Every structure is written in C-alpha cells, then in structure tokens.
Amino acid sequence: MFGKGIKDGIPIGLGYFSVSFSFGILAVAEGLKWWEAVLISMTNLTSAGQFAGLTVMISSGTFIEMAITQFVINLRYALMSISLSQKVSQRFRGLYRVILGFGITDEIFAVAMNNKKAVTVKYFLGLATIPYFGWALGTMAGAVCGNILPDIVCDALGVALYGMFIAIVLPKVKTDKKIAAVVVVAIIVSVLLYYVPVLSSISSGCAIIIASVTAAGVGAILFPKKNNMDEV
C-alpha cells in the first residue's frame, strides 16, 4: 500500500514543485534567505496559506494578524480532515491522525477520497511523501536559482497546480453523475461568491469553505450513502 501511495503521489509532487518554485522566488525577492523559505515550506504544506503568511511578514504584521489569516485560509483543511477521517481504516489513530492533519491538502484529499477502499496508514504516508518533498525542493529550487528563468515560465509554473487538480477531479465527474452534480453546485456557489457585489468581499478562504459546505450539504441530502467500507 505504501508503494501505491507513492505512485499516486508522484503527479501531485510534480505539481507542487512548480507552485512552490514560485513561492521560493517571491520569498527571496522579499528579503528572506533561501533556507528560511525552505523552512517555511517544510513546516507548512499550504500554498495559499504560505503566500498570505509571507505577505503578513513582509508588512510587519502582528502574530494576531498571522493567526487570523491562517485560520481563515486553512479552515477548509479541517473540514477535509473530518471528511477523510470517516474513510480511513481503524488503525489510523493517535500520531497518525496528527500526520493526516498536517499532510492534508486539496489534491491529497481528492486522491485519497477517490480511493475505492479504506485509506490505510501506509497508503496515506506514501501518498503524502512525494508531495511534501516536492513542495520543499521546489521552494529551494526557486529560492536558489529562480531568477534565472524568465517571468513567463514562472507564471506558467504557477498555473500547473490548477490543471493537475482538474485532472484529478474530472475522471470521477465524467463517470459519476452524483459527483458531477455536487461539483456543479460548488461551481455555482463559487461564481456567486466571486461576482455578486454583496458577496465578493468575502475572503477567498471563507468562500472555499462556504462553497464546500454547501455542495457537500446538497450532496448529502440528495444522495445519502451508508458507510460500509471494509478495512484494508
């Protein structure tokens, strides 16, 4: 199972390398040393959270501002962890759940939830390993030699993550009408939160949470499903 997790995590790791490359460039450009940028990526695994945190540090923000910013942006990971905890095997407890909370990201969550069987400890550790090192190594590469690449290439690297996430979700959307319906609801809510003047002032982190909870709630009401997973 660890080997399968490694295999499933390779595409995510490659995508994270490209995105964290941009973070490394920005961090050094704003005055951080390369090792400081790498340390941030090794103790965090959140693209939006790190970019927002870097902005707070650059502007000499307070710890309160940093805490509130990170709480709002990363609150969706708490929802993902709760959801994924219903799919893990019974051996997934104690320290392993702490690792799950640290290693959960949008893409890792999507791949883990797409797993037809219960998520075992070995599988999740394998799944999170390559993305973790891809994120850290990408940051180091960007911090050390990012200025060598032209801006257009760096911008393209930043878009790669979105394409990867679409590639993860799209196959399930094409084969499962229930998932497709939930995704459509999430898209509609996200569009409303972005374009409606009254709602557009909501932060991106809260918008993601609202869209996720709304879509999940609609899915739970319209397509209730009993949890009968077999432990692997």
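Reader: What share of the protein's contacts with a separation of 6 or more comes from residues 24 or more positions apart?

Author: This is a predicted model, in which local features need pLDDT of at least 70 and side-chain atom pairs count only at pLDDT 80 or more, while totals for chains, interfaces and linings use all residues. Residues are numbered from 1 along each chain as its sequence is written, and side-chain values use heavy atoms, with hydrogens and water left out. A contact means heavy atoms within 4.5 Å. Of the protein's contacts with a separation of 6 or more, residues 24 or more positions apart account for 77%.

Reader: How many helices and how many strands does the protein have?

Author: Helices (H or I, at least four residues) and strands (E, at least two) are taken as DSSP runs and numbered from the N terminus. Along the sequence the pattern reads α-α-α-α-α-α-α-α-α-α, and the secondary structure comes to 10 helices and zero strands.

Reader: What percentage of the residues of the protein count as buried?

Author: Buried means under 20% relative accessible area, exposed means over 50%, and partly exposed lies in between, with a 1.4 Å probe and protein chains only. The protein has 232 residues, and the buried percentage is 37%.

Reader: Is T105 buried or exposed?

Author: T105 lies in the loop between α5 (95-103) and α6 (106-114), and beyond its neighbours within four places in sequence it is in contact with Y16, L45, Y77 and M80. Its side chain also reaches the backbone nitrogen of I108 at 3.2 Å, within the limit for a polar contact (a pair of N or O atoms within 3.5 Å; within protein, one must be able to donate a hydrogen and the other to accept it, and residues adjacent in sequence count only if both atoms are side-chain atoms). Because its relative accessible area is 2%, T105 is buried.

Reader: Which residue forms a salt bridge with K4?

Author: A salt bridge is a side-chain nitrogen of Lys or Arg within 4 Å of a carboxyl oxygen of Asp or Glu, and a search of the whole structure finds two. K4 is partly exposed, with a relative accessible area of 40%. With the closest N and O atoms 3.0 Å apart, the residue paired with K4 is D8.

Reader: How many residues apart are R76 and D106?

Author: The side chains of R76 and D106 meet in a salt bridge at 3.1 Å, N to O. The pair links distant parts of the chain, with R76 in helix α4 and D106 in helix α6, and their separation is 30 residues.

Reader: Which residue caps the N-terminal end of α9?

Author: Helix α9 (residues 177-195) has 19 residues, and A180, V189 and L193 are buried in it. At its N-terminal end, a side-chain oxygen lies 2.9 Å from the backbone nitrogen of K178, and the capping residue that supplies this oxygen is D176.

Conventions
The expected span of a helix is 1.5 Å times one less than its number of residues.
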